[in-house]
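Please keep the structure in view while reading.

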Amino acid sequence: MRIALRIALAASAALLTLGVAQAQEKTLRIGTEGAYPPFNNLTADGQLVGFDIDIAKALCDQMKVKCTFVAQDWDGIIPALQAGKFDAIVASMSITPERMQKVDFSHKYYNTPSALAAPKDTTLKGVTKEDLAGKTVGVATTTTHFNYASKTFTDSTVKGYPSSPEEQADLANGRLDAIEDDIVVLSQWLATPDGACCKILGTPSPQPVEIFGPGAGIAVRKGETDLVNQLNAAIDAIRANGKYKEINDKYFKFDVFGSGT
């Protein structure tokens with residue numbers, strides 16, 4: 001009887017160990033764009049790098065799950081999530097009411113303002129509707145920046161692009177009068193040889209919350225409340241333990257998280 005009991009206990013322990021190992025091996029598939037430096041970008045050898053990627057890895061470590069990454073064009077990133085291609089989007093996606101009809105979001109993990117850039121020799125004096133009247137403004141489509149430009153610059157031609165690099169190239173080549181994007185993305189581009197042509201023209205003020213939302217969050221499929229709660233707890237944890245600041249300081253000279261919670 002004692003031998004049988006020992007065997008049964010040993011078998012139970014083995015099953016428990018296996019269960020723990022399987023739990024530790026859980027994989028979270030992360031979708032990101034790979035064309036939005038310094039937040040996410042594909043290197044020449046096909047590696048995904050950037051602030052979004054490092055934050056996602058830190059959150060996975062905090063949640064004790066394995067991360068894998070999938071590069072996905074921005075226009076199709078929400079449909080790809082809904083189709084099960086990945087489990088979460090970490091791609092600088094602003095939390096907006098329109099998107100919340102399609103996906104659920106974590107709390108924000110950063111918040112930076114929109115801005116406009118123009119050639120250094122521009123005659124433009126500001127970033128209002130009147131300033132941009134009659135001009136052509138380039139903006140990446142299906143973004144909050146595009147929504148703002150389309151609703152605000154109604155006396156301008158708002159030209160959509162698949163991603164930021166295309167609009168930047170057209171501005172540098174004289175095919176646009178201005179472009180609108182995240183101020184960090186624009187500032188990083190302006191610091192490169194390709195962006196030496198241009199300057200920050202200004203930031204729209206105020207930044208309407210109904211368009212831009214409270215910041216960038218992590219999107220998951222509707223109804224996945226447990227995953228949202230885990231992500232929220234992990235965001236809070238890396239903010240508290242210094243990991244967020246470590247990643248922040250790798251890319252920025254200011255707190256990209258922004259004000260508020």
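## Aromatic pairs, sheets and helix packing

In this predicted model, 14 aromatic pairs are found in the structure. One of them joins phenylalanine 51 and tyrosine 251, whose ring centres lie 6.2 Å apart with planes at 90°, so that the pair counts as edge-to-face. Because phenylalanine 51 belongs to helix α2 and tyrosine 251 to helix α10 (residues 243-251), this pair ties together parts of the chain that are 200 residues apart in sequence. Phenylalanine 51 and tyrosine 251 are both buried. Tyrosine 251 also pairs with phenylalanine 252, and here the centres are 6.1 Å apart and the planes stand at 45°, so this pair is tilted. Phenylalanine 252 has a relative accessibility of 5% and therefore counts as buried.

The two pairs are set side by side here.

| Ring pair | Distance of centres | Angle of planes | Class |
|---|---|---|---|
| phenylalanine 51 and tyrosine 251 | 6.2 Å | 90° | edge-to-face |
| tyrosine 251 and phenylalanine 252 | 6.1 Å | 45° | tilted |

Tyrosine 36 stands opposite asparagine 40 of strand β3, and strand β3 (residues 40-42) is joined to β2 by 2 bridges, the two strands running antiparallel. The open sheet to which they belong has 3 strands in the order β2-β3-β4, with antiparallel pairing. Since β2 (35-36) and β4 (48-49) stand at its edges with a single partner strand each, one side of each is left without a neighbour in the sheet.

A further open sheet is formed by 5 strands in the order β10-β9-β11-β8-β12, and its pairing is mixed. The edge positions are taken by β10 (157-161) and β12 (198-202), each of which has a single partner strand, so one side of each lacks a neighbour in the sheet. On average, and with direction ignored, neighbouring strands of this sheet are turned by 35° against each other. Within the sheet, strand β8 (residues 114-119) and strand β11 (residues 178-182) pair in the antiparallel sense over 4 bridges, and alanine 115 has aspartate 181 of β11 as its bridge partner. Helix α5 (residues 144-152) packs on this sheet, where it touches β8, β9 (136-140), β10 and β11, and its direction makes about 135° with that of β11. Helix α7 (residues 183-190), in turn, lies across β8, β11 and β12 and runs at about 120° to β11.

Helix α2, which holds phenylalanine 51, also meets another helix. The axes of α2 (residues 51-63) and α9 (residues 225-241) come within 9 Å and cross at roughly 105°, and these two helices are therefore roughly perpendicular to each other. On the α2 side the contact is made by Ile55, Ala58, Leu59, Gln62 and Met63, and on the α9 side by Leu227, Gln230, Leu231, Ala234, Ile235, Ala237, Ile238 and Asn241. The residues of this contact divide into 10 nonpolar, 3 polar and no charged.

For the chain as a whole, 10 helices and 13 strands are assigned, and 47% of the 261 residues count as buried. Among the contacts between residues at least 6 apart in sequence, 68% join residues at least 24 apart.

Notes:
Residues are numbered from 1 along each chain as its sequence is written. This is a predicted model: local features need pLDDT of at least 70, side-chain atom pairs count only at pLDDT 80 or more; totals for chains, interfaces and linings use all residues. Side-chain values use heavy atoms; hydrogens and water are left out. Axes are lines fitted to C-alpha atoms, for helices over the stretch in contact, and angles run from 0 to 180 degrees between N-to-C directions. Angles under 35 degrees count as roughly parallel, over 145 as roughly antiparallel, 65 to 115 as roughly perpendicular and the rest as oblique. Contact means heavy atoms within 4.5 Å. Ala, Val, Leu, Ile, Met, Phe, Trp, Tyr, Cys and Pro count as nonpolar, Asp, Glu, Lys and Arg as charged, and the others, Gly among them, as polar. Two strands pair if DSSP finds at least two bridges between them. Rings of Phe, Tyr and Trp (its six-membered ring) pair if their centres lie within 6.5 Å; planes under 30 degrees apart count as stacked, over 60 as edge-to-face and the rest as tilted. Buried means under 20% relative accessible area, exposed over 50%, partly exposed in between (1.4 Å probe, protein chains only).
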